[in-house]
Amino acid sequence: MQQCPNCKEYVPAEYVVCVWCGFDLTSEIIKRSGIKISWIDALRRMARVVYQPFSSLREIILLPDNKGPILILYFLSFLVTLQINIFVWKIRYDVQSNIARMIAVIMLAVYPLFLLFLLVVALRIGTRFGIVVIRLLGGKSEKDSLQALFGYSLIPIAIGEGIASFFRLFYSKQEITSISYSTISSYFENISKNGLSIFIDLIRLTTWIWSAILFSYGLKREARISTVEAILVTAVLWFAFISAMF
Ligand SMILES: [Zn+2]
């Protein structure tokens, strides 16, 4: 027998739906089967979110993992560091000097780990906050599924930041001398005042919307709430996550 997590009644172990309340027991059965997602599986999932977004998100909700989200958040941390690094490097130091190279390498090795820590904390707080909001709307969500969904739906943003980093390599010194990069938030504010930046920000905006669509879709299925409610929760969570980041 298995216990239904929704109504706490007992039903035979092989049942995929609760006979008492109609709750979908598939994820419980998958959990008991002991399937583990490896780092390679997580990478494959990341790729599938790009070319088969909807079916892969359904799979991620049913069998959540935290390896994928950690890889994605590390990638994001690395790209943000790289972008700041490009600025610092171009303005402050002579690219030819060994000291500048050394500083760049040390910063790229250490700083992303610090950012990763902050982002993982933000993801966890965001997930807990999300569960509270979903309950207020009468929906139901599991911590692991919501966290995995949150992490994997950030892939488009990671792609956007990757493209942005690439283009920033071609910034001229004149374009960047007026930019403040003292804090991450002022860096993002000031960056939109530049010519090439407007194009980069357009790409970035597109990827943010793409991520929000993925998350709303997954949320609608995971929390069993309406499309409008899913969009609302996405907006609240996105805002909370960004505020926590900066
Ligand atoms: Zn039930």
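Two residues are taken to be in contact if their C-beta atoms, placed from the backbone, lie within 7 Å. On that basis, 67% of the protein's contacts between residues at least 6 apart in sequence join residues at least 24 apart. The model is a predicted one, so to speak of local features takes a pLDDT of at least 70 and side-chain atom pairs count only at pLDDT 80 or more, while totals for chains, interfaces and linings use all residues. Numbering starts from 1 along each chain as its sequence is written.

The protein has 11 helices and two strands, picked out as DSSP runs (H or I, at least four residues, for helices; E, at least two, for strands) and numbered from the N terminus. Going from the N terminus, the order is β-β-α-α-α-α-α-α-α-α-α-α-α.

Now for two helix pairs. The axes of α2 (residues 39-51) and α3 (residues 53-62) come within 6 Å and cross at roughly 140 degrees. These axes are lines fitted to C-alpha atoms over the stretch in contact, with angles running from 0 to 180 degrees between N-to-C directions. On the α2 side the contact uses R45, R48 and V49, and on the α3 side P53, S56, L57 and I60.

Helix α5 (residues 98-136) packs with α6 (residues 143-152) at about 125 degrees, axes 9 Å apart, which makes this pair oblique too. Here L123, G126, T127, G130 and I131 of α5 meet K143, L146, Q147, F150 and G151 of α6.

How values were computed: Angles under 35 degrees count as roughly parallel, over 145 as roughly antiparallel, 65 to 115 as roughly perpendicular and the rest as oblique.
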